[in-house]
Amino acid sequence: TAIRILSLQYTSFLFMRVNWARINVFTEFLTILLPLLIWCVANWSLTTLFEGKGRMRDIYMGTAYAITPYVLIQLPLIFLSNVITVEEGAFHMVLSGISFIWSGSLIVFAMMMIHDYTLGKTLAFILMSLFGMLVIIFVMLLFFSLISDGIAYIVSRYKEISFRLY
């Protein structure tokens with residue numbers, strides 16, 4: 001999350017346009033930490049049902065360590081973006097892509113080792129975990145919508161009763 005904030009602050013405007021009126025540090029933290037939490041819960045929930053060996057702690061640590069290449073490559077790219085031109089921006093994009101691909105492959109191999117699955121089963125469970133993340137997000141949205149409607153109903157009943165009594 002710190003790399004994301006540093007990237008927003010110090011990457012050259014040629015490579016990243018930032019509307020500072022819309023940036024919220026709390027939101028930036030949540031856009032990284034909430035998907036990580038949901039990934040860990042979804043992966044642990046599914047692999048527990050299908051003989052996965054990993055614990056929630058192992059899944060979190062494996063995923064967090066797998067993101068290390070992203071951090072190690074993005075940090076120099078932040079400063080590199082301030083000294084290269086737009087024509088040399090292809091190097092910036094290629095190195096950024098390499099950091100994502102490397103981290104993604106490390107996540108796959110970490111999950112494979114943690115759960116003691118084959119590569120094919122690991123890829124299948126990663127896809128199922130991504131679908132599980134969507135289900136978790138849907139249930140969360142449904143829950144908060146239901147709570148919001150319940151509160152709105154109670155408030156409207158209170159207003160109606162107060163208008164009729166006074």
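Author: What follows is a set of questions about a predicted model, each answered by setting a value against its criterion.

Reader: Why is Trp 44 called partly exposed?

Author: The relative accessible area of Trp 44, which is placed in helix α2, is 34%; since buried means under 20% and exposed means over 50%, a value in between is called partly exposed, and Trp 44 therefore receives that label.

Reader: What makes up the surroundings of Trp 44, leaving aside its neighbours within four places in sequence?

Author: With that exclusion, Trp 44 is in contact with Gly 54, Arg 55, Met 56 and Ile 59. Val 25, by contrast, is 19 residues from Trp 44 along the chain, and their C-alpha atoms are separated by 29 Å.

Reader: How do you know that the buried residues of α1 are on the same side of the helix?

Author: In α1, which runs over residues 2–10, the buried residues are Ile 3, Ser 7 and Leu 8. They cover an arc of only 135 degrees around the axis, and therefore they lie on the same side of α1. What covers these buried residues includes α2 and α4 (68–80).

Reader: Which residues touch the most other members of the largest nonpolar core, and what does Trp 39 touch?

Author: That core has 14 residues, and those touching the most other members are Trp 39, Cys 40, Ile 59, Ile 107, Met 111 and Met 133. Two or more core residues come from each of α2 (25–49), α3 (56–66), α5 (89–115) and α6 (119–165). Not counting residues up to four places away in sequence, Trp 39 touches Ile 59, Thr 63, Ile 107, Met 111, Ile 126, Ser 129, Leu 130 and Met 133.

Reader: What makes up the lining of the largest pocket, and which element gives the largest share?

Author: The largest pocket, with a volume of about 770 Å³, is lined by 24 residues, of which Ile 32, Leu 36, Thr 63, Ile 67 and Ile 107 lie nearest its centre. The elements giving two or more residues to this lining are α1, α2, α3, α4, α5 and α6, and the largest share, six residues, comes from α2.

Definitions and conventions:
Residues are numbered from 1 along each chain as its sequence is written. This is a predicted model: local features need pLDDT of at least 70, side-chain atom pairs count only at pLDDT 80 or more; totals for chains, interfaces and linings use all residues. Side-chain values use heavy atoms; hydrogens and water are left out. A nonpolar core is a set of buried Ala, Val, Leu, Ile, Met, Phe, Trp, Tyr and Cys residues joined through side-chain atoms within 4.5 Å. Buried means under 20% relative accessible area, exposed over 50%, partly exposed in between (1.4 Å probe, protein chains only). Helices (H or I, at least four residues) and strands (E, at least two) are DSSP runs, numbered from the N terminus. Contact means heavy atoms within 4.5 Å. The arc is that of the directions from the helix axis to the C-beta atoms. On a 1 Å grid over the protein atoms alone, a cavity is a set of points where a 1.4 Å probe fits but cannot get out, and a pocket is an open set with protein on both sides within 12 Å along at least five of seven lines; lining residues have an atom within 4 Å of a point. Grid points are joined across faces, edges and corners, and a volume is the space filled by probe spheres set on the points.
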